[in-house]
Amino acid sequence: MLKNPSGSRRLRSLIVLALGILFLGLLIGPSYRWTRANVTSMTGRHDSPMSPIIMIPGSSASQNRFDTLVTQLNKADKRKHSLIKLTVKKNDRVTMTGTLRPRDNEPVIVVGFENNKDGYDNIKKQARWFSLAFKQLTSKYQFNNFKAIGHSNGGLIYTYFFEHYFNRTDIKVKRIMTIGSPYNFSEANLDHKTQMLADFIKYRDKLPKNATVYSVAGTENYDTDGLVPARSVEAGKYVYQGQVKHYTEITVTGNNAQHSSLPQNQQIVTLIRQYVLDKKPKRSRTLINNTTTNSE
Amino acid sequence: MGISEQRVIQRMVPTLLRLRKTNFYRVIQRTLMLTFPFILIGTFSQIIQSTVLTKQGFFASVFHLSKWVPYYKYLHYPFDNLTNLTLNSVAVIAAYGAAKYLAKLHNRDEQLAGLTGAVALLIMAYQYTNQAQLGIFNALMLGTNGLTGALITGGVTGLCFKWFGKPGDEPQAPHTTQILQRTFGSLLPMLIVFLLAVVASLGMHWLMVASYSEETWEAFQKFATTSHSVWLTFGIAILTLFLEIFGLFGPYQQLTSNTPAMNTNLNYALAHHSAYNVPYPFTADTLYHAFGTFGGTGMLLALVIAIFISSNNHNYHVVARWGLLPALFNSNGPILTGLPVLYNPIYLIPFILAPVVNMGIAAMAIAFHWMPPVVYPVPIGTPGPLIAFIGTNGNVVALLLGVVCLIISTAIYLPFMHLAEAIVNAAQVEVARKGGNDHAKES
């Protein structure tokens, strides 16, 4: 089979080579445009000062669940956080109401679900729905960090979301607060781990390492907030402790410490202001400080 | 240069020709040839899957395919399937081929030997699970990275047939009794091979459980991909290239995204609006993946070009033409098995040298601030010379350097390609001299 390529064969190879080079040459332009646009959008996100607070209500609650809380926060904080509400329908469609006020870098975003039923299977579904809403939020608003608040099952949805869906490297969650979240459902005995708690523990190494987590429990008596056993809230330590940067447990008692009233509880509003909200930019204080240093 | 190169080639041809004629080498070559068409089809399917039908793929990103192509989400399934059952299970074919050709050399039942080799490999790749369900196969052992293991499996199978089987010519007029006799003659070696395979499989599982080898390997790979010292990067690149020409899995083979060094670099670049002066300029991503893998591991795009411009061998041209498109998107399977480059001592030097020289040039260019290091995301399957261009946010020097690297690599590959060609020619001349009979047998 001794066959040297004749002139025409060799020519054909050279034509193929030329076509290959031409092909590469034609791709330079589109590549350039893509990388420029990509880097611009990444820079935009990286430089963005926006840091929303994203809240998930518990089961049987709608996207309006936190209205009172936000009013209280705004009153106490003397800032007007915009309130944006998203609802994810059963067919994966996401609707959005409310607008972002100009120059508001810390809007409150509430994500509710059409199917807001209780149960582990529903929590899994809701976590997926939340991931859809989250994706929509990230493409609409250019933020590179956010704060998470989940009331009751909302905290469980967040936990499932962080363990299974949240894999963005360009966005980080700074602080997570779960309020009255029953990590072991209504089971007060920690020796009896529910399937959900076992799964949370199994995948806990996927939790965001740099987040600071607060788990707030309410109690009417020594062991329950009327619906959720304090022991069940406490079980969150098996999931978060040692996995995230800080894990703090807080117990609130007294007025409005009943499970459903927790989001309106004055203590909890204070806790949210203190631990979750970003500190106010203290421009005026700096000015005064400057003058004092000057005068010294 | 030309004359001295010719002289060196002349001196080396006889030695290498002798190597080529050994049974060992002939079996390897025939086996690789057998896998070639499967790899070729699998590679085409794979580049369509990874560049067009993956969201992070080159064409998908650059032309925003996921936004306007209907049913984009579902289009990749058939290609996944095709890739998995061709490219990613090619070792089964290699085990079949190696056992078959070795058995044929020793006049044993080649068909049974081949099938036994293939099944033995599957036995070893089978993963035992705690669940009652069927176990799954170890993907690493069945894909292109399993080629070496497959050749060994096939080789051992062939040897077992040689030692324990009965020789017998294929019956000319096959009567049932003769076929039956022949089959029973192969029963003993088959049993021995399967037993060996089961023992090997259990042994490997025990070893993995006992020594945590997977975790150790993962830890090493993590260490390798996160290293950011220049020397370590070069050292591990050389190790990777060396392992891969022998069909094994090197620590740099996988393009790991999101290594800490990469994230730090990216964040720095985004914060300072410039990619110069990033903390870790010399990593696997800025040097090896950006400048050392045009056409896949070993800069095989350069070999393709070398063949196009100066080969006289018809077969080389055919393989190179088929291999160009995959090589443009950094898939080197067809060239590795078609020429072949795998297990070929002639190509060992350029296979390692070309990428390392390119990495050196790139490191120098970065050190002297001629261009920023590659820090921005690059889509999957980006053509080699464009990787640095995209990864530096469209730096022209990076693009030019990519082209220069390609030219230098082609120059490095040229003399070795001539040597390989001279050996092929010498072998052909020898065969032609021996006369028509042998020639017919050979092909």
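Residues are numbered from 1 along each chain as its sequence is written, and chains are lettered from A in the order in which they are written. Because the model is predicted, local features need pLDDT of at least 70 and side-chain atom pairs count only at pLDDT 80 or more, while totals for chains, interfaces and linings use all residues; side-chain values use heavy atoms, with hydrogens and water left out.

Thr392(B) is located in the loop between helix 20 and helix 21 (396-434) of chain B. Helices (H or I, at least four residues) and strands (E, at least two) are DSSP runs, numbered from the N terminus. With a relative accessibility of 5%, Thr392(B) counts as buried, the term meaning under 20% relative accessible area, with exposed over 50% and partly exposed in between (1.4 Å probe, protein chains only). When residues up to four places away in sequence are not counted, Thr392(B) touches Pro372(B), Pro373(B), Val374(B), Tyr376(B) and Ala398(B), contact meaning heavy atoms within 4.5 Å.

Helix 20 (residues 384-391) of chain B is largely enclosed by the rest of the structure, because eight of its eight residues are buried. Among them are Leu386(B), Ile387(B), Phe389(B) and Ile390(B). Just after this helix, Asn393(B) takes a positive phi of about 60°.

Chain B contains 22 helices and zero strands. The C-alpha trace of chain B spans about 80 × 65 × 45 Å along its principal axes. Of the 443 residues of this chain, 52% count as buried. Among contacts in chain B with a separation of 6 or more, 72% are between residues 24 or more positions apart.

Gly165(B) counts as buried at 13% relative accessibility. Apart from its neighbours within four places in sequence, Gly165(B) is in contact with Arg108(B), Cys160(B), Gly185(B) and Pro189(B).

The contact between the chains takes 31 residues from chain A and 40 residues from chain B. Chain A and chain B bury about 3,200 Å² between them, 70% of it on carbon and sulfur atoms; buried area is the accessible area (1.4 Å probe) that two parts lose on being put together, summed over both. On the side of chain A, Arg10(A), Leu24(A) and Trp34(A) lose the most area to chain B, together 18% of what that side buries. Six residue pairs in polar contact (both at pLDDT 80 or more) are found across the interface. Helix 1 (residues 7-47) of chain A gives the most to the side that touches chain B, with 24 residues.

Definitions and conventions: Polar contact = N/O pair within 3.5 Å; in protein donor to acceptor, adjacent residues only side chain to side chain.
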